[in-house]
Each structure stands twice: as structure tokens, then as C-alpha cells.
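Thank you all for coming.

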Amino acid sequence: MKKTLSALLSAVLAVSSVTASAVCAQETAESDNTNSVFVMGDSIASGTSMGGTVEHKYGDIIGDYLGWEVDYYAKDGLRTDDLISALSNDAEAIASAEEAEVVVISIGGNNMLRHMAKYSLEYARTINSDTYPMFKEGYSSADIPEDPTLDDMNRLIDKAVLMDYFEANPMAATPFISGLKKELAGTTNNPTGLVQTEYVPETAEIVSMIKELNPDAQIIIQTVYQPVQFAPEYWSGSIDIAGNETYSMAINTLRKNLESAMELYRDALQTIEGVKIADIFYEFSSNESPSKENQGYAYYFTDIQPETGEFDINNMDFHPNQKGHIAIACAVLEQIGELHNDNGLLKTTFESLEDKAEYPEIAYETYLKVAGNEPLVTTTSTTTTTTTSTTTTTTSTTTTTTTTTTTTTTTSTTTTTTTTTSTTTYTTPTTSSAPEVMLGDVNCDGQITPTDAAKALSAYADGQTTGSVGLTYVEFTAADVNKDEKITPTDAASILSYYAYVSTTTDEYIQTMEEFMGLV
């Protein structure tokens, strides 16, 4: 019960993990190209995660895609005022901004999190009493700094006592969360929260400073994604379960209010002139209408859901994982333009994902638009070992028989050539060494039958109920017969129609599925 009724604090503290400790200061990627992209911002830009730093940050993926140098001014915990200070006082940041063709900005999340800390500490002050001493031993409300951090909140508040308070006062959760949202975003009738009065104006000032330093720079601002989104099966199996009613209600209330505040921030950024918006909020959600049952896909692009499947507030990482950095890179590259079929870090990193078949549909559409749908260039390395045949002749003469015997021994080593071919494909392969994908052959048995249609229909049903079609990448490619990058009953019906055509036709020439579908 204590866990159940302390949902609010746990959720707020969990979201605060976005400000993990690693620091990524100025760094420059080696390149022969003089063009550059300058990535500014917070822990998202620096590639931080609870496990360290992701292998390929989105800035590095962008630089590789464009063939440009990448400069960073990215530090965990940075807020809008920190970027203003950097563009005023940091010589390296100023130089990078002056020289960049593109400036990418990730900022705003820590503004909200910092206010969450302040709001929580002020709330603890108001409910502090002899019955519920909110502050740890040796501390009092007098120790609250003027501008507290999340570390200050963790240092001062006695979480166990606060949990006891929420257990005794479960109805306090909703007004607490609603009050936080009101301070951040105001109300529908009076939208004058910190987003409108502070965060967006300061972001506009950052843009103005960059334009003054570099009038020709293309400026791209990332929206802030809403991380509290769980897979349907995880939500029903680990959170929204019997005995957790208050807990699930608090998490869902927090989710909706964060969604509202961050959507408002997203919309307000559109009012800043002379910038492009990389809508990470939308890409991570990949959901037109989030609901309790289908919240969105932030759980896929972050590690909010522990692999154990059990809810664990201490192991929920809201930072983008490698899949998240791919999605951010694609959203930014879409705004930069200069799109082409990629044969570099973007596509190889995507192909290395073990669960790429589950990549959310909307974000996957952006990926295909940016990366292209052609196979990677085949890389072939050949090692040849050759040994020349050797012939040895031995002659022996026996004087008693005047017979000469000649023995010839030949040792021969066959020339061996070993060829290693590595090919990654996204459509029907064009190289003989790549795995073949027959359009419509979902179970990959070499023929197209009603069984394939049934598997496609089953995948569609799984996608509707669990959010995952449960197909491998090859199976997904085979099932998507109309090439709309999703599996629907239409695909299953087309497979059945093709089977009927093949079974009944009397024509000498039988069309391929591609021809039957009008794709060639």
C-alpha cells in the first residue's frame, strides 16, 4: 500500500532522472569537409543515459550522414539561461555558432524538471508538521535554496515521510499534479505559465543571439518528448493492476499533464521566427491520439521499462537509448534536407537493432524518408592463399639388372579463396549473397499460400492489441505487399488474391507478386 499511495512523488522523481551526471563538453569530429553542424543543449544532446553514453549520439549520426564536422556544447542539466550565457561568454561556443552551417538545439526539459524540484520542495514546506516532518534530520524549510535543483530535493525531503503522507491522504495526488501543470503551462483560459513567460522567450533569445553571430545558419530546435509512456502489456501487467488503483491513477494523471505541458511548449516554439522544428515530441509518441490503453512509444525510444518487466522506479531511464538517437537524428535530418540514400552510420546503426521490426510506424516512416530504402553497398573482402605444386624426381640405378627406376612424387596444395560478404537490405535484395525476400511469402517457405495471409492478419491483430506486430524484419518486408510500411488486413487480402490468381490462371506466364500489385 505504501508503494501504491506514494505514486506521485515516485513519478516526479523518476522523471527527474533525465538529468543524469555525465558531461559532454566541446568536442569536434574529424572530417575533411569544412562544413559543420553545431549541437547545443542538455543531456539529450550529450548522449547521456543511466548506463553511460550511447554508442552513436544523434549528432554523430547527423555528421556522418552529411559528411560534416560536428561541434558540441552539450552538458547535462543545462537550461535555456545556460545557453544564453554560453553564447555570451564561452569563446568556443561562440566560435562554433559563428562557423556552423546548421545549429541544432535541445533545451527546455531541464527548465521543467528544475521547476518540479522547486514546486515539490515548496509543497513539502506547506505540509510539514510534527505528524509529517517532511525534511530530513538536520534540515528544515529554511534550507531550501532560492533556485533548488533536483539534488537539493533529494537531499532535503524525507521520502519515507512523504510516502506516509500520501498513504494517509491519497486524494492529494491529483491537485498536486494539476497544480504543477498549471504553473508550467497555465490553464486553457489563461495560458500564462512558465512555458509562455520564460522558457519560450528565452529560447527565442538564444535563436536571436545565434542569428546575430551567424545570419546564414540554419537553426533547428528539438521539441521536448513526453517520456511517461508504457507499452500496453507493461501497463496492464505491472502498473494498472489490482491493488494499484491509486498508483496507476497518479501515473496516468502525471502522464496526461506532462503531455499537455510539453505539447504547449511544442506549439509555442512554432511562434519563433526563422527556425525549423524537429518534432521529437511527435516522433517519440508515434501516436496520433495517445490514450491510457495506447499511450505512445517513448518506452521504445527510452529505457523507462526495466527488462525484468517489473516496475522499478530506480531503474527507469528517461534518456533516449540508441533507438531514440536514431529517431532524433532522422527528425533533424528531415529538417536540414539534402536527403539521400544512406550507406553510413544511420543505416548500419538501425540495422544493428535487435528489435527493429518493432520500430514505431510514424518514426519508421521518417527513417525511411531520410535513410532511403535501397540496400547498403556490399562490402567484400577476399583472402587468397596459394601454394605452387612441387614435383620431386628420384632416379636409382641397379647395376645387376640394368633397370632404371624413376619415382615421381607430386605434392599439390589447392588454391583457396575465402570471400566474406556483408550486406544489409531494406527491400528485396539486389545481391546474390543477401537473404532473399519473396514479397508475400511471410513464413519464408518459398511459396505464397493462405498460411502467409493468416500470418499477416495475425501480425496485424497483435499490433492492435500489444503495439508490436511480432515479425522479424524479413517477415515484415514480405508481409507489407502494398509497400505502405505497415501491416494491415489489406496486405492479407492481397496475399489471398494473389494465391487465388496463381491457383486458377491458365496463362503461360505467371505474374510475380510485385507485378500483381502493380509495383513494377
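Let me begin with the chain as a whole, in which 49% of the 520 residues count as buried, where buried means under 20% relative accessible area, exposed means over 50%, and partly exposed lies in between, using a 1.4 Å probe and protein chains only. Please keep in mind that this is a predicted model, in which local features need pLDDT of at least 70 and side-chain atom pairs count only at pLDDT 80 or more, while totals for chains, interfaces and linings use all residues. Residues are numbered from 1 along each chain as its sequence is written, and side-chain values use heavy atoms, with hydrogens and water left out.

The secondary structure comes to 22 helices and 14 strands; these are DSSP runs numbered from the N terminus, with helices being H or I runs of at least four residues and strands being E runs of at least two. If we take the contacts in the chain with a separation of 6 or more, residues 24 or more positions apart account for 73% of them, contact meaning heavy atoms within 4.5 Å.

Now to the charged side chains. Side chains of opposite charge can pair when their charged atoms come close. How many salt bridges does the structure hold? There are 14 salt bridges in the structure, each defined as a side-chain nitrogen of Lys or Arg within 4 Å of a carboxyl oxygen of Asp or Glu.

One of them joins the side chains of Asp147 and Arg79, with 3.0 Å from N to O. This pair links distant parts of the chain, 68 residues apart, since Asp147 sits in the loop between helix H7 (109–127) and helix H8 (150–156), and Arg79 sits in the loop between strand E5 (69–75) and helix H5 (80–89). Asp147 is partly exposed at a relative accessible area of 38%, whereas Arg79 is buried at 13%. Both residues also belong to a network of salt bridges that links Arg79, Asp81, Arg114 and Asp147.

A further salt bridge is formed by Arg266 and Asp279, whose closest N and O atoms are 2.7 Å apart. Here too the pair links distant parts of the chain, with Arg266 in helix H13 (residues 245–269) and Asp279, 13 residues apart from it, in the loop between strand E8 (276–278) and helix H14 (280–285). Arg266 counts as buried at 16% relative accessibility, and Asp279 is buried with a relative accessible area of 18%.

Let me turn to how helices pack. Two packed helices are described by the angle between their axes and the distance between the axes. The axes here are lines fitted to C-alpha atoms, for helices over the stretch in contact, and angles run from 0 to 180 degrees between N-to-C directions.

Are H10 and H11 parallel or oblique to each other? The axes of helix H10 (residues 173–185) and H11 come within 5 Å and cross at roughly 50 degrees, and H10 and H11 are therefore oblique to each other, given that angles under 35 degrees count as roughly parallel, over 145 as roughly antiparallel, 65 to 115 as roughly perpendicular and the rest as oblique. Glu183, Leu184 and Ala185 of H10 make this contact with Leu194, Val195, Gln196 and Tyr199 of H11.

In the second pair, the axes of H5 and helix H6 (residues 91–99) come within 6 Å and cross at roughly 85 degrees, so that H5 and H6 are roughly perpendicular. Ala86, Leu87, Ser88 and Asn89 in H5 meet Ala91, Ala93, Ile94 and Ala97 in H6.

I will finish with two single residues. Pro201 is found in helix H11 (residues 194–213) and counts as partly exposed at 38% relative accessibility. Thr366, in helix H18 (residues 361–371), is buried at 7% relative accessibility. Not counting residues up to four places away in sequence, Thr366 touches Glu283, Cys330, Ala331 and Glu334, and of these Cys330 counts as buried at 1% relative accessibility.
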